[in-house]
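Please look over the sequence and the structure shown below, and keep both in view while reading the report that follows. Each section takes up one part of the chain.

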Amino acid sequence: MEVVLRSVAAGVISLDRDGVVTTINPSALRLLGIAPGAWVGQKLSASLSGRALETAEDLLRRLAAGPHATLRRQVPITVGDEVRTVNWTVSRLRGLDGEKAAGFVVVIDDVTQILKAQRMAAWRDVARRIAHEIKNPLTPIQLSAQRIRRRLQAGPAREADRRVFEECVETITSQVEGLKVLVNEFSNFARLPAAKPRPGQLNRVVEEAMASYAGTEGIVFRTELDPGLPTVEFDREQLRRVLTNLIDNAVAAARPGAGPGNGEVGHVHVRTVHDAPLQTARLEISDDGVGISPEDRRRIFEPYFSTKDHGTGLGLAIVSRIVADHHGYIRVHANKPRGTRFIVELPVRAG
């Protein structure tokens, strides 16, 4: 086993139940920037420091206290002058007699270059899509401007000419407005600031967001907030953006006439739940609209994918990124008997 561990590219650290290192392979030393030494028999804190130590200790603590057999997290760490993005996988070992936690295994993978290649591919796709989206409205803008110029060159303006001018100006104005929306959404997606989480009450942010929808015509809102919801760390402005985007989508889907099956009144349900076994605060936003097909649900969080006729396809991509920045998860399911349900899970604050 020692020969195998020396040859694998992934870093592997094994610990006993008290967090004392029993095995650490050369790849772990290299990936974490640890100088070779007699680390076996030492506490993990003797070899790790900073973000790496915080991540490992948090995962070990949650693994020991919770029902999970394995926990994973992707965290950037600083090694010398280099920032590396590392996948941490911590698994609990069971003893031969079925003992719950005989020890732990920490597996470390450097995914920096993989993520860099993925980002390059993503930005190439973004550039292609942006060029395509901007090119489309430029043609009617150009044709409208040329039409106005020809009319002006033909002589004094007549009543028919004024109608043509109004049509052309309306076309130019609407196309430019569409371009402005596209550019603004792209800017928000590309330059979304890093999250700055602070301890807060998720229910309070939900109440504040729902207040702005009071009196929405054709929509009945139902809010169900868990009074026992613990403190959550989040960036207030970014979380409000998540709520606004998801509620806007729910309202648009549930609005009467938005799709087959809608009645005279649409319904939107916003709910918070404390999932104690998973140590998460769950936010659910559901509607009774036409729903999203299984094929579209698989792509709903991709940039520039939209089920709306005039959607930019960036709103849910921004939402997904914000949730990921909060170390959370977002999923989308069909809402029974009709509609769509979005679920956001955020880790509750330790202690």
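## Pro-76 in strand S3

Pro-76 has its place in strand S3, which covers residues 70–79, in what is a predicted model. With a relative accessible area of 38%, Pro-76 is partly exposed, because that class takes in the values between the limit for buried residues, under 20%, and the limit for exposed ones, over 50%.

Leaving aside residues up to four places away in sequence, Pro-76 touches Arg-51, Val-83, Arg-84 and Thr-85. Asn-87 stands 11 residues from Pro-76 in the sequence, and the two C-alpha atoms are 8.7 Å apart in space.

## The chain as a whole

The protein chain contains 9 helices and 12 strands.

How do contacts relate to distance along the sequence? Among the contacts in the chain with a separation of 6 or more, 58% are between residues 24 or more positions apart.

## Helix H7 against helix H6

Helix H6 (residues 202–211) and helix H7 have axes that come within 10 Å and cross at roughly 50 degrees. The two helices are therefore oblique to each other, and their crossing is right-handed. On the side of H6 the contact is made by Leu-202, Val-205, Val-206, Glu-208, Ala-209 and Met-210, while H7 contributes Arg-236, Leu-239, Arg-240, Leu-243 and Ile-247. When the residues of this contact between H6 and H7 are sorted by type, 8 are nonpolar, no residue is polar and 3 are charged.

## Helix H7 against helix H9

Helix H7, residues 236–254, also packs with helix H9, residues 315–325, at an angle of about 140 degrees and with the axes 10 Å apart. Are H7 and H9 oblique or roughly antiparallel to each other? They are oblique, because an angle has to be over 145 degrees to count as roughly antiparallel. H7 passes H9 in a left-handed crossing, whereas the crossing of H6 and H7 is right-handed.

In this contact Gln-238, Arg-241, Val-242, Asn-245, Leu-246 and Asn-249 of H7 meet Gly-315, Leu-316, Ile-318, Val-319 and Ile-322 of H9. The residues where H7 and H9 meet divide into 6 nonpolar, 4 polar and 1 charged. Within H9, the residues Gly-315, Leu-316, Ala-317, Ile-318, Val-319, Ile-322 and Val-323 are buried.

The phi value of His-327 is near 60 degrees, although the residue is not a glycine. Its relative accessible area of 43% makes His-327 partly exposed.

Further along, which form does the peptide bond from Lys-336 to Pro-337 take? This bond is cis, with omega near 0 degrees. Pro-337 lies in the loop between strand S11 (329–334) and strand S12 (340–347).

## Gln-279 between strands S9 and S10

Gln-279 is found in the loop that runs between strand S9 (266–275) and strand S10 (280–287). Like His-327, which has a positive phi without being a glycine, Gln-279 is not a glycine and yet has a positive phi, in this case about 55 degrees. Is Gln-279 buried or partly exposed? At a relative accessibility of 28%, Gln-279 counts as partly exposed.

The surroundings of Gln-279 include residues from several parts of the sequence: not counting residues up to four places away, Gln-279 touches Arg-62, Gly-66, Leu-346, Pro-347 and Val-348. Gln-279 and Pro-230 are 49 residues apart in sequence, and in space their C-alpha atoms are 9.5 Å apart.

Definitions and conventions: Residues are numbered from 1 along each chain as its sequence is written. This is a predicted model: local features need pLDDT of at least 70, side-chain atom pairs count only at pLDDT 80 or more; totals for chains, interfaces and linings use all residues. Side-chain values use heavy atoms; hydrogens and water are left out. Axes are lines fitted to C-alpha atoms, for helices over the stretch in contact, and angles run from 0 to 180 degrees between N-to-C directions. Helices (H or I, at least four residues) and strands (E, at least two) are DSSP runs, numbered from the N terminus. Angles under 35 degrees count as roughly parallel, over 145 as roughly antiparallel, 65 to 115 as roughly perpendicular and the rest as oblique. A crossing is left-handed if the near helix is turned anticlockwise from the far one by less than a right angle, and right-handed if clockwise. Contact means heavy atoms within 4.5 Å. Ala, Val, Leu, Ile, Met, Phe, Trp, Tyr, Cys and Pro count as nonpolar, Asp, Glu, Lys and Arg as charged, and the others, Gly among them, as polar. Buried means under 20% relative accessible area, exposed over 50%, partly exposed in between (1.4 Å probe, protein chains only).
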